[in-house]
Structure formats: C-alpha cells, structure tokens
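Hello,

Here is the structure I said I would hand over. Please look through it first; my notes follow below.

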Amino acid sequence: MKPAPFEYAAPRELDEALDVLGEHGDDARVLAGGQSLVRMMNARQVSPAVVVDINRVRGLDSLGVTGDNGSSTLRLGATVRQRTSELSGEVAAHAPLLAEAGAHVAHAPVRARGTVVGSVAFADPSAELPTALLALDGLVKVRSRAAERTVAADDFFTGPFATSLAPDEMVVGVEVPVTAGRTGSAFVELTRRHGDLPVCGAAVVVGVDDDGRVAHARVALCGADQRPARLPAVETAVVGADDPAAFTEAAARAADGLDPIPSCHGSADFRRHLARVLTARALRTALARATSPKETTDAR
Amino acid sequence: MSTVERPAAETRRWVGQSVARKEDPKLLTGRAGFIGDVVLPGMLHGAVLRSPHAHARIVSIDTSEAEALPGVVVVLTGATAAELVDPMPAFCAEPVEQRAIAVDRVRFPGEAVAAVAATDRYIAEDACARIRVEYEVLPALVDPVAAMDPSATRVHETLDSNVVFHRTLDWGDVDADLARAHTIVRSSARWHRMGAHPIETAGAVASWDPFSQSMTMWSNSNFINFLPWAFAGILRVSTNRLRMIPCTVGGSFGSKHLITKVVSITGALSKACGRPVQYLEDRADNVAANDNVGCDRIYDAELALAEDGEMLGLVLRIIDDYGAYFQFAHGQHGNAVAQPVGPYRIGSLRYDVSCVLTNKVQQGFFRGAGADPGNFILERLVDKAALEMGIDRVELRRRNFIRPDQFPYKIPTGNIYDSGDYEAVLDRALEIAGLDRWRAEQERLRAEGRYLGIGLASCQERSGYNASEWWSFYDEPPLPATSTPESCKIDVDAMGGVRATIGCPLWGNSPETVVGQVVAEEFGIDPSAVSVVYADSTIGAISAGPGGSRVTIMLSGATRGAARTVKDKMIRVAASAMEMDPEDVECVDGVFRAKGAPGTSMTMAEVGMKAHLFHDGTDEAESSGLVAVYTYDHPYFTPPSADRSDLGAFYPMVSHACHIPIVEVDPETGEVTLRAYYVVNDCGTVMNPALVEGQVVGGIVQGIGAALMEEYSYGATDGALETPTFREYLLPSMHEVPEIVLEHLETPSPFTTYGVKGVGEGGRLVAPTAIASAVDDALRPLGVWVDELPMTPERVVGMIADAQRRP
C-alpha cells in the first residue's frame with residue numbers, strides 16, 4: 001500500500017496553486033486534509049502526477065459571517081478543518097445543521113485534519129457535509145487562474161465523486177446563506193458503526209409560521225442516490241404540516257425517483273427504506289426544534 | 001470489572017494473582033521487536049501481485065517492464081518460484097496442492113501471481129504495477145451449494161467433485177432418540193465467513209546463505225518450534241540448516257499458525273537473489289489472502305426432546321465452504337465435535353458434514369476455530385425448544401445441564417469434559433445481571449414503542465487443543481494422534497538468576513507473565529526476578545504454541561516441570577552442602593533450609609555457585625550445572641477408535657460461561673445497540689485475573705463483531721472480494737462495546753497443573769449466540785427468529801418484514 005511516484009507542490013499563494021492546476025489539470029490533485037486522497041493514493045486507486053498541497057496557502061483558513069441581518073452569509077475557506085467548523089460558535093449560531101452533520105463525520109482526529117471544503121469537493125454521495133450544504137442551499141466558490149465563479153450546491157454535485165469543477169479549477173470556499181425567521185434543522189443518519197460513513201442520512205431545515213406550521217422546508221439525503229439528493233416533492237408536501245403523522249406521510253415519498261448505489265452495507269432497496277424512515281425522523285426533530293428552540297431530544 | 005470467587009483453602013502465592021504483565025513495557029513503548037523492526041544489511045523488500053479474478057487461467061506473464069525498473073532485484077512468477085520452493089504442506093488426505101504463488105491457474109481473488117524484491121517497498125509495488133498478466137477468466141464458484149453440483153466447474157482437477165470431504169458420523173442411537181422424542185425442534189442457520197484481523201499482518205525476513213545452503217528465517221509464525229521440518233520442506237532446505245527465529249507477534253487470533261505462503265514467498269525471493277528479503281503483508285494482502293478466515297457454514301439442525309424437556313438427540317447437517325484449498329483438512333469440525341452437545345446431557349449426535357471447495361481464500365483458524373458456529377446453532381435450538389415447548393429458557397437449561405457429580409463426563413463423540421458447575425454459573429449470571437430490573441425496563445420501553453432485549457447463552461469452551469482434531473474424521477488418517485507438546489527450559493546461573501526459555505512465541509498473549517508466575521510459585525521468588533526468553537528452532541524447545549486455548553495450560557505444566565526438576569537438584573546440592581538429608585530440605589522464598597526448623601540455610605546464589613563451580617563430587621550421578629528442559633505433553637488424550645465411533649478424549653479441559661447481553665433494537669433502521677453485558681466465566685483456576693479479563697473482554701468484542709458486523713462478502717457472479725478493506729469489512733470499535741461486568745467461578749481441572757483451563761476463545765465462542773438471543777428477545781412481539789449472523793441493519797429489517805408477512 002504505497003503510492004505511485006508523484007510530484008509535490010506546496011505553494012503559499014492561491015495563484016501559485018491555480019497555476020499548477022492550470023498546467024497539469026486532471027493529472028493534479030489538491031491536497032487539503034488528505035483524509036480521502038492519501039488513502040486512495042496508497043491503494044493506488046488514484047495516482048496523480050502532481051499533488052498540490054494547499055495547507056500553506058494564505059487566506060484559505062478563514063471562517064466568518066459577512067453581511068447584515070437582512071442577508072448575511074456564513075463563509076468557510078478551503079482549509080477550514082471540519083473540527084473547527086463543528087466547534088465554531090458562528091457555525092452553531094447561523095448554520096447549526098452544518099455543525100450537527102459535521103459531528104457525525106468519522107472521528108475527532110480525522111475531523112481535526114479533514115476540511116469541510118475537501119469533503120464537498122470529494123463529493124462522496126454518502127458523506128454528511130455535502131448533503132448538509134445542499135439542505136442549506138449552500139454555494140460553492142470556485143476559482144481558476146482565469147476566473148472565479150459561484151455554483152449552487154445543487155448544480156455542483158453531478159454524480160458519484162463527480163462535480164461540475166473543471167480540471168483547472170479548485171474550490172476555494174463554501175457559503176451558506178443565513179436564514180431569517182423561526183427555523184429548525186436536524187441531521188439523522190444510520191451508520192454501521194460509530195463514525196462510519198452513513199448507509200443513509202437525512203438533513204432537514206424547516207421554517208415555521210406563527211402558528212407553528214411548516215412554512216418552508218429543505219430536505220436532502222446522503223447514501224440514497226448517485227449524488228447528494230434534494231427532495232423537492234417532500235419539501236412541497238410538508239408545507240402547512242404541524243404533526244408527525246403528516247411528516248410520515250410526506251416522507252413516504254422520500255425515495256421516489258432516487259437511484260441509490262448498493263454496497264455491502266445496504267442494498268438499493270434498503271437505502272430507499274432508510275430514506276423514508278430517516279426523512280420522517282429528521283422532519284419531526286427539525287420541527288420540534290423550530291417550535292421549541294430549547295428542544296434537544298435526539299432525532300429518533 | 002472482574003471478580004474471582006475462590007474456595008477458602010488458598011495457599012498459592014503467585015498463581016491466581018493479577019501480576020503485572022511482563023510484556024507490557026516493551027509493547028507500550030514500541031520496543032517489542034516485530035518483523036517490521038528486523039533490518040539486515042543489504043536487505044530487500046518484497047511485494048506481491050495478486051489476482052483480481054476469483055478463477056482464471058494464467059495465459060501469460062510479462063515481467064520485463066518490472067525487471068527493468070531501477071531498484072528491482074528479482075521478479076518471481078509461480079513457475080520460477082516453483083524452481084526454488086515446494087508446495088505448501090497440507091494436513092488433508094486429499095490431493096489438493098497449493099503453491100504460495102499460483103502456477104497456471106488462480107483459484108481465489110487475491111491469490112499471488114508474482115512477487116518482487118526491490119531496494120524498497122515503494123519500488124517493489126511500482127514493479128508489481130508493471131507486471132502484465134493475461135488471464136482467461138473461468139466461471140467463479142461462489143455459492144457452496146451450487147459448487148456441490150456434480151456438473152459444476154471443479155476447483156481442482158485432481159478431485160472428482162468440489163465436495164472435497166463428506167462424512168456422516170452417528171454417535172449413540174440417533175434414530176431411536178428421534179423416534180421416541182416428544183418434540184423435534186428444527187432450525188436452519190447461516191454462519192458467514194469472518195476473519196481474524198490482528199494489527200500486525202503476517203511477515204517474514206529470510207536470509208539465504210548460498211555457501212552453506214542454510215536459511216535463517218525470522219517470522220511471526222506460531223509453528224517455528226512445532227513444525228520447523230515442514231518449513232524446511234517447502235523451502236527445500238535441510239532441516240539442520242534452517243534456523244527459524246521468532247519475533248514478537250502483533251496479534252494473531254489464530255491466523256498465524258503456519259503462514260506458510262508468506263514464509264515461502266520470502267524464502268523464494270531470498271534464494272533467488274542471495275540477499276536478505278523482508279516481506280510483510282500489507283492490509284490488502286492480509287484481508288484477501290492470509291488464510292485468516294473462519295467457518296462459512298450452512299446448518300440444517302434438529303434437537304429431539306422428551307415431553308419434560310429432556311434433550312435426547314441432536315442432528316447437525318452442515319455444508320461448510322472451505323474456499324479454494326484444504327490445507328488444514330476438516331480440522332474446524334474435529335474442533336466442533338469436542339463440544340457439539342454443549343453443557344447438556346444430550347445422548348446422541350448425528351454429524352453430517354460436507355466440506356465444499358469454492359473460489360475463495362481457504363479457511364484457516366480464527367478464534368473459536370469451528371466451535372463458534374457450533375455454539376451458535378446449539379443455543380439457537382435450545383432457545384427455540386424453550387419457545388415451542390413453553391418451557392422457560394432458563395429452566396430448560398437447568399433441566400439438561402450435566403451435573404457437578406457427573407464429571408469427568410464423556411460426551412457422545414468420546415471427548416471428555418473434566419469438571420464444571422454450570423448451574424452455579426447460570427445462577428450467578430442471573431444475579432449480577434439483575435434480570436428483574438431489566439424485565440421491568442423492557443416493559444416500560446415497550447410501552448414507548450422501543451424494543452429492549454435480554455440475551456442468554458450457556459456455552460462451553462473446549463480448551464487445551466490437540467492437533468489430532470485436524471484429521472480425526474479420516475478412516476485412514478494421514479497422521480496419528482499427536483501429543484501436541486510444549487516445552488520450557490529453565491536454568492539457574494551461578495548467581496542464582498533464573499532464566500526460562502520457552503518454545504512458544506509471544507502471540508499477543510502473556511507467556512512471559514505466566515511463566516514468571518509459575519517459576520515464582522515454585523521457588524518462592526518474585527515474578528519480576530524471572531527472565532523469560534524465546535527459543536529459536538535450534539534450541540530444541542518443542543512447542544505447539546498458543547492456539548485452541550492451550551498455552552497457559554501447557555506452559556504452566558512445562559514450566560512447573562522444569563522448575564521442579566531444577567529445584568529438586570538444588571535441594572540435593574544444598575542438602576549435601578549443609579550435610580542434611582535432601583528429604584529434610586525445602587525451598588521457601590528462594591531460600592533452601594531445613595524443613596520446619598529454619599536455621600542453617602542457603603540462598604539461590606549460594607546453591608547456584610556451588611552447583612556450577614564447586615561440585616563436591618560426593619554424588620557421582622550428579623554433574624555440575626542447573627539446567628532442565630521439560631516437555632509437557634498434552635495431559636489427557638486417548639486415541640480414536642478405528643471406526644470413529646469414539647474419537648477419544650482430545651479436548652478435555654472444558655471451560656464454561658454464561659453471557660447475558662442487553663440490547664436495544666431500532667426496528668425501523670435495524671440498528672442493534674448493546675446497552676449492558678454480564679458474564680460469569682469458569683476457566684478452572686484463574687492463573688491471573690487481569691489476563692483472563694483481557695481475554696474474555698477481547699473475545700466478547702470480537703463476538704460483537706461476529707454478531708453485528710463482520711462478514712466476508714464475494715460478488716455473486718464474478719466472485720470478486722467485496723470486502724477488501726476495513727471500510728467494507730467492519731470490526732467493532734470501542735464505541736460499540738458496552739461496559740462488561742465479569743465474574744469468575746472456579747472449578748479446577750483435575751487434569752492440569754494448578755487446575756487451570758483455557759480461556760483464550762471463550763468470549764467469542766459465546767457472545768454471538770448470546771447477542772442473537774437478545775435480539776430475538778427484543779423483537780419477540782414482532783415474531784422474529786434470528787438464524788443468520790451478522791445481524792446487519794438490513795438483515796434485521798428484513799427479518800422483521802419476513803415475520804410480519806408470515807401468517
């Protein structure tokens with residue numbers, strides 16, 4: 001389990017990193033936390049000619065909120081560690097779903113190295129953070145030497161481990177719009193063991209009106225489709241709901257149209273089953289949290 | 001938490017104490033000396049190219065590009081390796097040849113097709129990536145039942161059928177017991193392939209000296225002092241020119257008994273280039289090809305009972321998927337019939353076994369070694385009988401336990417159980433579990449729609465194995481019954497220092513600690529004063545080593561024998577010097593003195609110096625020096641009868657345990673969570689409670705893996721290994737393990753030194769079936785019956801759905 005030979009670049013400026021990507025394209029890989037890339041290189045599942053280590057690049061490790069209360073945005077740079085995000089007061093205040101999902105990623109030592117953006121860019125259809133970003137209507141900030149663009153999470157994930165990133169581009173950060181009003185969120189998952197990638201997981205954000213009914217909802221799943229999946233039909237169906245039975249009914253449609261990737265941890269059918277169960281659970285918990293902000297019961 | 005309840009008359013000073021492990025400091029500081037730590041001048045590093053196919057003909061291999069890579073010294077294919085080394089030794093009677101590197105045909109995914117030695121491991125793996133192999137893919141045999149079909153492709157052309165071994169053995173009058181039964185409980189069961197996954201993989205360093213035609217081989221094999229001649233055979237080295245040196249072993253769980261493939265590949269590479277070579281499997285090598293997998297069984301079983309619940313007879317029909325080779329013959333079934341009737345007075349047994357070859361890595365030994373699924377099916381049948389007959393599961397067990405006054409007890413197969421008090425173990429387990437409290441909690445949670453379950457299993461752990469089990473079902477066995485010995489050499493130097501040299505390697509257990517305790521017990525000195533070293537294969541310390549829960553039994557016998565031989569001589573030397581009769585001299589606290597009237601005395605050092613340098617010549621039969629090698633043969637084995645109607649006693653030190661796990665099951669997701677775990681264990685005299693606790697708890701953790709997550713999976717059509725890494729093959733972590741409350745009862749073995757029995761496998765022998773019973777109990781309102789492990793979330797949800805569909 002030794003990697004094939006590769007060149008190693010450790011630039012200090014973003015433009016230098018983008019230069020290497022521009023020159024080598026698909027033959028180069030960006031190294032941030034290394035929690036997936038290094039493993040895959042050791043198994044020779046990937047053998048990049050050049051590894052671009054961005055850990056020394058200035059300015060990529062920022063985490064903060066910009067804008068006023070009307071339209072503020074939570075921003076995380078490409079080298080912000082998962083553990084930093086998970087423990088951040090700003091993430092907890094403005095995107096608690098990201099913190100909750102993040103706490104499910106592997107184990108603390110892995111999160112201390114792994115990055116939020118790295119997980120998003122890796123686009124594992126089973127992973128928690130891409131799905132949380134999708135449920136948060138997040139944006140992906142992309143740069144190449146020539147241009148900068150912002151891609152909606154829903155447009156970024158194109159398939160298993162596949163994104164709309166061009167070979168000369170890298171993800172420099174993610175952004176989460178901060179939602180005003182009474183909202184609640186929840187992330188629930190089934191893993192084979194503590195810290196494993198989920199067999200299936202559900203990320204939900206609901207906003208409630210003054211009567212405690214669902215005004216709007218965003219629902220996303222991991223492990224249930226070829227990519228992190230948004231469930232617009234469920235989102236529509238739960239608007240106006242205020243009781244668990246309605247959620248169960250709406251969640252019965254959670255697997256409609258999905259194409260789960262089977263593995264030894266769960267067949268496609270089992271993943272569809274879990275999609276329904278976990279969506280209902282996440283909806284119930286999210287609503288409970290929205291209507292009673294102190295609600296801390298688990299998402300069972 | 002571990003508590004020992006011991007009879008009051010306890011006179012031992014060190015045996016039975018939680019003496020600190022001698023092995024810990026070097027292990028905890030990374031200085032123990034594993035294979036990876038062996039570095040020789042000019043040493044090369046090996047890597048192996050493995051087949052991606054389950055079954056294929058090797059059409060051609062082109063190694064030219066690999067050989068051209070700078071740093072590559074030698075590339076071997078199966079054909080070129082065959083010029084240097086011979087096939088694997090096998091204990092089966094059937095013609096199933098296995099080579100460490102396949103020749104012409106690969107028979108399982110991960111089988112070696114080429115090996116490289118290079119100046120470092122990176123280059124060696126780069127070279128593997130440059131070897132071009134052309135395969136002609138053949139149909140893969142994945143399903144053992146399909147492989148049994150006479151028209152199926154044969155794994156080996158030398159056999160008439162993929163059923164490499166089949167035998168039906170009746171012990172007792174099974175048909176009569178079935179005929180007179182009031183109730184016959186039937187159950188099928190599926191026990192999937194699981195594997196031992198020690199932290200350290202198998203490895204060797206070989207150094208071939210072409211001038212003296214001699215080989216020095218460092219390895220983490222267990223059998224360097226048991227079968228060194230077998231290694232010499234595969235390496236084509238004369239036995240007196242092979243020196244095998246043990247290294248500290250980073251765990252085995254049974255997987256490193258032989259590791260002949262690794263030794264052969266490393267030896268062949270060294271012979272090919274005349275330089276030392278290190279080859280240590282990486283994790284991918286180990287998972288795919290180490291022979292570390294255990295049983296893979298389909299059961300069709302019946303338990304016949306009288307109206308009052310008396311168990312009469314047992315029928316076990318078994319299809320066992322052995323994979324592509326049969327190196328250890330049907331040993332896992334020889335093992336299972338040491339205790340097929342568990343702790344119960346079952347009078348007859350029909351054992352019908354078909355060993356089937358398929359395109360998977362061959363079975364080796366993994367903690368439990370064949371008795372693990374045996375315990376699973378038996379306890380499942382007993383629980384099912386309780387349910388069907390309306391008898392409480394605890395009461396049914398009580399009615400059928402072998403009673404304390406019936407020991408030694410001969411079971412139908414001929415094996416002997418030495419001692420036990422099963423009801424006392426059961427009673428104490430029920431007490432510490434606080435069963436009433438958990439039943440109340442179960443009621444409360446059910447009202448909330450939650451499913452709590454209380455498991456129960458009462459199982460045997462046959463211990464002190466005898467390797468004859470590997471071939472005991474053959475009418476004409478390739479080998480006779482073996483005494484499976486263990487040796488210890490003890491020498492006391494001129495300054496009174498005691499050194500023990502043992503033939504067994506450090507396999508992750510605690511031989512140094514045990515030997516220290518026994519020597520300390522015999523001489524009355526402190527265990528920390530005893531030096532323990534490991535013998536290489538030139539010392540003559542015959543040793544079958546750890547395995548089959550034997551090493552503490554055997555080492556304590558060997559060590560006490562050697563210690564007493566030396567001590568007796570020291571008594572004679574001291575008596576001579578003090579002008580006393582040896583009968584009147586004793587050794588107390590390391591001092592030789594007159595019995596009962598301490599006055600004149602000699603220290604260990606004074607006796608040592610006299611014995612070494614100042615022998616007075618008064619006893620002409622006695623020569624100078626204080627050294628003894630004692631070889632302790634298996635303490636109780638009798639040969640099988642010619643017709644196999646009596647297999648003889650071969651595994652007679654029988655430990656026992658009752659496990660009560662508490663689980664909660666989420667019926668929607670299928671998730672099983674362990675809430676608590678209670679164990680009462682009886683392994684005879686507890687040599688060292690801390691060590692026993694480590695063995696039992698570690699075994700339970702592996703049992704949790706067996707119950708809930710561990711399974712080798714192969715593609716149904718292409719036979720590809722679907723669990724090649726620990727992302728797919730799941731091992732339990734600390735997060736999945738509840739607090740385990742453990743107590744011991746002691747019924748000493750009448751057959752062994754100090755009355756010890758083995759305890760190395762018990763946790764894993766009991767936990768899987770106990771947890772299955774807990775899941776059943778939790779889901780009783782839903783009508784679920786567990787007959788397949790591991791209970792993955794998908795299987796649990798599926799079992800609930802199946803139960804709901806049943807009328």
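**Notes on the model**

Chain A is divided into domain 1 (7-53), domain 2 (63-177) and domain 3 (183-291), with bounds that come from an automatic or database domain assignment. This is a predicted model, in which local features need pLDDT of at least 70 and side-chain atom pairs count only at pLDDT 80 or more, while totals for chains, interfaces and linings use all residues. Residues are numbered from 1 along each chain as its sequence is written, and chains are lettered from A and ligands numbered from 1 in the order in which they are written.

**Domains 2 and 3 of chain A**

The centres of these two domains of chain A, taken over C-alpha atoms, are separated by 20 Å. Between them, 24 residues of domain 2 of chain A are in contact with 22 residues of domain 3 of chain A (contact: C-beta atoms, placed from the backbone, within 7 Å). On the domain 2 side, α8(A) gives the largest share, six residues. Helices (H or I, at least four residues) and strands (E, at least two) are DSSP runs, numbered from the N terminus. By class, that side of domain 2 of chain A has 14 nonpolar, six polar and four charged residues. Here Ala, Val, Leu, Ile, Met, Phe, Trp, Tyr, Cys and Pro count as nonpolar, Asp, Glu, Lys and Arg as charged, and the others, Gly among them, as polar.

**Chain A against chain B**

In this interface 17 residues of chain A are in contact with 23 residues of chain B. Helix α12 (residues 268-291) of chain A gives the most to the chain A side, with four residues. The chain A side divides into eight nonpolar, five polar and four charged residues.

A residue is buried if 20 or more other C-beta atoms lie within 10 Å of its own, exposed if 12 or fewer, and partly exposed in between, with C-beta atoms placed from the backbone. Just after α16(B), B:E579 takes a positive phi of about 55°.

B:I662 lies in strand β28 (residues 653-666) of chain B. B:I662 counts as buried because it has 25 C-beta neighbours inside 10 Å. Not counting residues up to four places away in sequence, B:I662 touches several residues, including B:W438, B:L452 and B:A774.

**Backbone exceptions in chain B**

Most residues other than glycine have a negative phi, and most peptide bonds are trans. The peptide bond from B:F407 to B:P408 is cis, with omega near -5°. Another cis peptide bond joins B:L789 and B:P790, with omega about -10°. B:Q213 has a positive phi near 55° and is exposed, with 12 other C-beta atoms within 10 Å. B:A369, also not a glycine, has a positive phi of about 55°, but B:A369 is buried, with 29 C-beta neighbours inside 10 Å.

Regards

Conventions:
Two residues are in contact if their C-beta atoms, placed from the backbone, lie within 7 Å.
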